[in-house]
Amino acid sequence: MPSPLPVRTTCPYCGVGCGILAGRDADGAVSIAGDPDHPANQGRLCSKGSALADTLSLEERLLRPVVHGRETGWDEALSAVASGFAETMARHGPDSVAFYVSGQLQTEDYYVANKLMKGWFGTANIDTNSRLCMASSVAGHRRAFGSDTVPGCYEDLDETDLAVVTGSNLAWCHPVLFQRLLAARERRGTKIVVIDPRRTVTAEAADLHLPLAPGSDVALFNGLLAHLREAGAIEHGFVRDHTSGLEAALDCARRTTLAETVRITGLPERLLEEFFRLFAATPRTVTLYSQGVNQSSSGVDKVNAIINCHLLTGRIGKPGTGPFSLTGQPNAMGGREVGGLANALAAHTDIENPRHRALVRSFWDSPAIPQRPGLKAVDLFRAVGDGRIKAVWIMATNPVDSLPDADRVAAALRDCPLVVVSDMARDTDTTRHADILLPAAGWGEKDGTVTNSERRISRQRRFLDPPGETQPDWWIICQIARRMGFSGFDYDSPAEIFDEHCRLTAFLKDGARDLDLSGLAGLGAEGYDSLEPVQWPVTGRDRKESKRFFGSGGFFTGDRRARFAPVSHRPPASATGPDYPLLLNTGRIRDQWHSMTRTGKATRLMAHLAEPFIEIHPRDAARHGLPDVAIARVESSHGSALLQVTVTDAVRPGEAFAPIHWTDRFAARARIGALFPPHVDPISGQPESKATPVRVSPFVARWRGYGLTRERPSPDRDLYWAASPVEGGWQIEFAGTDRPENWEEEAARLLGLRIRPEDLLVFHDPTAGLYRLAAFEGDRLTAALFISAGPVAISRFWAIAQLAATFRPAMRLQAIAGQGGRAMPDKGPILCACLNVGVKEIAAALAGGAGTVEAIGAATRAGTGCGACRAEIRGMIDAYASQAAE
Ligand code: SF4
């Protein structure tokens, strides 16, 4: 359905919720641009959003339902799911089934999944991967505000004088907000403080970086609270009129002396005092926090320690102020609105409140509402493992990679009698365990709404025909409900579901809840179609929006006062020791999203960091015999991984960092979730994924390899490998412990090829440990393999270009040359994904006198696309300048 005008839609990745203009030309090619009229991004996009068109291919899509490994039609698949769940519940009761859903779903999908589970199945066993992302913020909000309310909006970033960024690599994980913050600094001199154990790209751009010890945030913010009290930085009227519990919180905070705060946080007193003074002296302060705060066994206390400081200073709900939880996923907030968590109900009601249950039940006219919360994510999969849950439906997520103790999650699914997975991707580490696979329509192929971190509801609009037999998730869920004989699921469109959701918030409206969408009820199909991005609450016929909450109190507690929470420092649940001496932190990288089922299709996004890696401090690297680019065996008490080593002082001694994205589809053994013990916050149930004790040792490689193929390789071997798509094929890095007898046979196994000797070109120097092979079909290169005793020193940029080259017989030797010479100088690792500019090109521009980000951009074009790499370019400029000064 090509459209002459671009379709206004919303990015499907992070919680910034950027508006996108998606166009299609007559040939069907999709173009993507930032929507200048969307308030969240005002036209900006990051590298991931800019590359969305590259992720839309149908390769590796699940296009038809599959039942027990056999492709079939919807009728059989839907009947199998409906009867499977019905029989399980009839035999074992409602608590024997569960849904595990996702912040990738649209609000309408989420709404009907929650309604089916809680209203008709009669159990609250529905939880979401948002549990891994922001459950601690939800619980912290409820404890302080009486409701899960984000008080501020993105405009506060434009209007603040001090942005405290804690537990967030904003430059990589919410890049458009980071750009917005940098613009504010340019315009009004906003100071940026970054609190993070690592010296991230965000930290490098900060005015002040506090590299605190992992898990010590409560001690830090308690120290700040005590300082604010002593310094008199109190908004007395606000505290008096709108809060309670200050003295108990202060008592708790004062129990830790400044000297102890120094010891616990590992921060010098001078740095602490500088931060405390800056915070005390800056009325317009925003504290932005994300997974570094939430993913912790004390995540809720960390959230409340931050909120306490904002309540004391009255810096909440006013322009340029507030505690601000940044959601990781595009619709984590929408899921919260409809109650898609095991301990919530719908429209921000409380499942443990009998009146709320009665109201929701009467609105839904449903037979049941469970009286107690269901199982949260970690407990839910534990129950799958021990047989309490016998049927599970997983929607749009990959728990075999992302949950802690992930190997046990895989084993649990293997043994579960009924596993249903609805997804876009055919082959993920989770779909491999499915009895029934349901093909879901993806981004661009379905209509719905999502809500971003600032409570802004935006439309995701369809601009592509759903391929094969794919269907939107809401349709699939409603079809199952109807086959099970349940009423209340006869919607014809997502507009009808959205309307019901809005009417439910209006039905429940009693002034005791924040979520009010009454102004959006009754939009009709046309109104829904043309819905502009809007921030809730939206009340009344004139659709009055409110940007901020709580500027004049009005919290959603019984007495309308916010609660200070008395909180004390607790260290991470597991400590390092002689067996596991390093503490592993984890996070996202700039150009990847979750388990790479979409971003892993875009060659330009894979070019930035193509291998799973672990960052280790030089001191630890030397101690454990792990030089740069060596392969490390990383082991925890729960699992192991093989990761390439990056030696850097960006991590503190005794700590390490690894990204979360790699799966068995892209690497031999790099599923980071398999390393985490299943420790959770006692209130929120959110797992601790940033403090895992590990040990590292060299993977003793007797050879390293680099290969190119036309088809996706999947070497099923006990060796290290990491594959990534490139223009025209795939590249793959290898390391092996045993040298094979016959390299030709090994090449065939490694690259998944049938190699014909007459089409081969081989160079072998056994003494030097060198082996090179190129395989041809006609004048085209079909595969190449470069083996050496250590890391393979060839230009990856040159090698990838060979896949597009034509080789006359006399020129075939060039295919194993390894370098392109002056005609094709090596770019080095790609830094600017938009314009394919490598580190070596930027270094050359620096050496040539380009001393600013703009000058580098003029010389190389780096940083002139989405701008997400500008902070890294800045870092290179600073490093070059300090080297020059030495
Ligand atoms: Fe998408 Fe990037 Fe915007 Fe996040 S910041 S919504 S990933 S374009």
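Predicted model: local features only at pLDDT ≥ 70, side-chain atom pairs only at ≥ 80, totals over all residues.
Me: How do you know which residues are around the ligand?
Reply: A residue is near a molecule if one of its heavy atoms lies within 4 Å of it. The residues around the ligand are Cys-11, Tyr-13, Cys-14, Val-16, Gly-17, Cys-18, Leu-45, Cys-46, Lys-48, Gly-49, Pro-175 and Val-176. Helix H1 (47-50) and helix H7 (175-188) are the elements that give two or more residues to this shell; helices (H or I, at least four residues) and strands (E, at least two) are DSSP runs, numbered from the N terminus.

Me: What makes the space taken by the ligand a cavity?
Reply: On a 1 Å grid over the protein atoms alone, a cavity is a set of points where a 1.4 Å probe fits but cannot get out, and lining residues have an atom within 4 Å of a point. A molecule sits in a cavity if more than half of its atoms lie within 2 Å of its grid points. The ligand takes the space of the largest cavity, which holds about 100 Å³; a volume is the space filled by probe spheres set on the points, and grid points are joined across faces, edges and corners. The whole structure has 3 cavities of 30 Å³ or more.

Me: How does the lining of the largest cavity divide by class?
Reply: Ala, Val, Leu, Ile, Met, Phe, Trp, Tyr, Cys and Pro count as nonpolar, Asp, Glu, Lys and Arg as charged, and the others, Gly among them, as polar. By these classes the lining has 9 nonpolar, 2 polar and 1 charged residues.

Me: Which residues line the second largest cavity, and what classes do they belong to?
Reply: The lining consists of Arg-8, Thr-9, Thr-10, Asp-35, His-38, Ser-458, Arg-459, Arg-461, Leu-531, Glu-532 and Pro-533. These residues divide into 2 nonpolar, 4 polar and 5 charged. The largest share, 3 residues, comes from S1, and the space amounts to about 70 Å³.

Me: Why is strand S16 (residues 436-439) called covered on both faces?
Reply: In a regular strand the side chains alternate between the two faces of the sheet. Ile-436 and Leu-438 on one side and Leu-437 and Pro-439 on the other are all buried, where buried means under 20% relative accessible area, exposed over 50% and partly exposed in between (1.4 Å probe, protein chains only). Both faces are therefore covered.

Me: What makes S4 and S15 partners of S16?
Reply: Two strands pair if DSSP finds at least two bridges between them. Strand S4 (residues 66-67) has 2 bridges to S16 and runs antiparallel, with Val-66 opposite Leu-437. Strand S15 (residues 418-423) has 4 bridges to S16 and runs parallel; there Asp-423 has Pro-439 as its bridge partner.

Definitions and conventions:
Residues numbered from 1 in each chain as written. Heavy atoms only, no water. 1 Å grid on protein atoms, 1.4 Å probe; cavity = no way out; pocket = protein on both sides within 12 Å on 5 of 7 lines; lining within 4 Å.
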